[in-house]
Amino acid sequence: MLPVKRALRHLAALLLAAAVATVPAAAAHASDTPSRGWNDYTCKPSAAHPRPVVLVHGTFGNSVDNWLSLAPYLEDRGYCVYSFDYGQLPGVPVFHGLGPIDKSAEQLSAFVDKVLAATGAAKADLVGHSQGGMMPRYYLKFLGGAAKVNALVGIAPDNHGTTLDGLAALLPYFPGASDLLDAVTPGLADQVVGSAFLTELNAGGDTVPGVHYTVIATRYDEVVTPWRSQYLSGPDVHNVLLQDLCPADLSEHLAIGLYDRIAYHEVANALDPAHATPTTCASVFG
């Protein structure tokens, strides 16, 4: 049997390989890369959409690849849209969201300030996929973000951690495995059910006053498990199961964030609830 450290390095390599396989081949990675108005710092929010939208990528994601579909979708609907890279590890290009999540929240805080200064808006809306839907809650709760954010929309967020479909339960059987995971990729360790980070984040309640929360989940999620752990509890929370909107939608963890227009329609509803329209299977054509 391989030693624990060697086995975990193999696991990390497999995770990276899987991440590579999910990145569109033609995608060019560059922080703050504009795309038809995306990350255009001359964009001024309209009366119809008065708040800029900040997109927060997931683990192994980046500011471009995670948003090749959703950013144009929102821009075409008149939003000023922005994205950024966070959680970079030294010597690891392209794949981000691996650093300590509290430090990533500090990066989000600085980026929101940058966007608000550029647009002149009083508040922003946040839309995040996976870790990107959970990490902003630290910013809202501990870093003063609630005063600067109107809404947080989480697409398949790991709000209460993940068992990695049961794999996390195996860690106690490998002495030193948890410590190595924490040392090599702390952003992953922070997302495991029962981590110190998640215990702090969820102590005293899931939400903070003044922010509107939406969670969009899929029952076929194989990364954030069990999928119901994504849901939030609080007075201003809207939890949505994708299959309640369209039973035929088979999107799993990556698809719901990368290209599912049914989920995107629900994102648009959350950003502009006054003009929301029913989300159905036909929303894929919208």
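1. Start with one pairing. V53 stands opposite D125 in strand β3. Note that this is a predicted model. V53 belongs to strand β1, residues 53–56, and four bridges join β1 to β3. The two strands run parallel.

2. D125 also has a partner in strand β4. That bridge partner is A151. Strand β4 covers residues 149–155. Six bridges join β3 to β4, and these strands run parallel too.

3. Is β3 enclosed or open to the outside? Six of its six residues, 124–129, are buried, so the strand is largely enclosed by the rest of the structure. In a regular strand, side chains alternate between the two faces of the sheet. Both faces of β3 are covered. A124, L126 and G128 are buried on one side. D125, V127 and H129 are buried on the other.

4. Now look at helix α11, residues 261–271. Of its 11 residues, 10 are buried, so the helix is largely enclosed by the rest of the structure. Among the buried residues are I262, Y264, H265, E266 and L271.

5. What lies at the start of α11? A side-chain oxygen of D260 reaches to within 2.9 Å of the backbone nitrogen of I262. I262 is one of the buried residues of the helix.

6. Step back to the whole protein. The secondary structure comes to 11 helices and six strands. Of the 286 residues, 51% count as buried. Take the contacts with a separation of 6 or more: residues 24 or more positions apart account for 75% of them.

7. Finish with the surface. The accessible surface comes to about 12,400 Å². Carbon and sulfur atoms hold 63% of that area.

Terms used:
Residues are numbered from 1 along each chain as its sequence is written. This is a predicted model: local features need pLDDT of at least 70, side-chain atom pairs count only at pLDDT 80 or more; totals for chains, interfaces and linings use all residues. Side-chain values use heavy atoms; hydrogens and water are left out. Buried means under 20% relative accessible area, exposed over 50%, partly exposed in between (1.4 Å probe, protein chains only). A polar contact is a pair of N or O atoms within 3.5 Å; within protein, one must be able to donate a hydrogen and the other to accept it, and residues adjacent in sequence count only if both atoms are side-chain atoms. Contact means heavy atoms within 4.5 Å. Accessible areas come from the Shrake-Rupley method with a 1.4 Å probe; for residues, only the protein chains shown count as cover. Two strands pair if DSSP finds at least two bridges between them.
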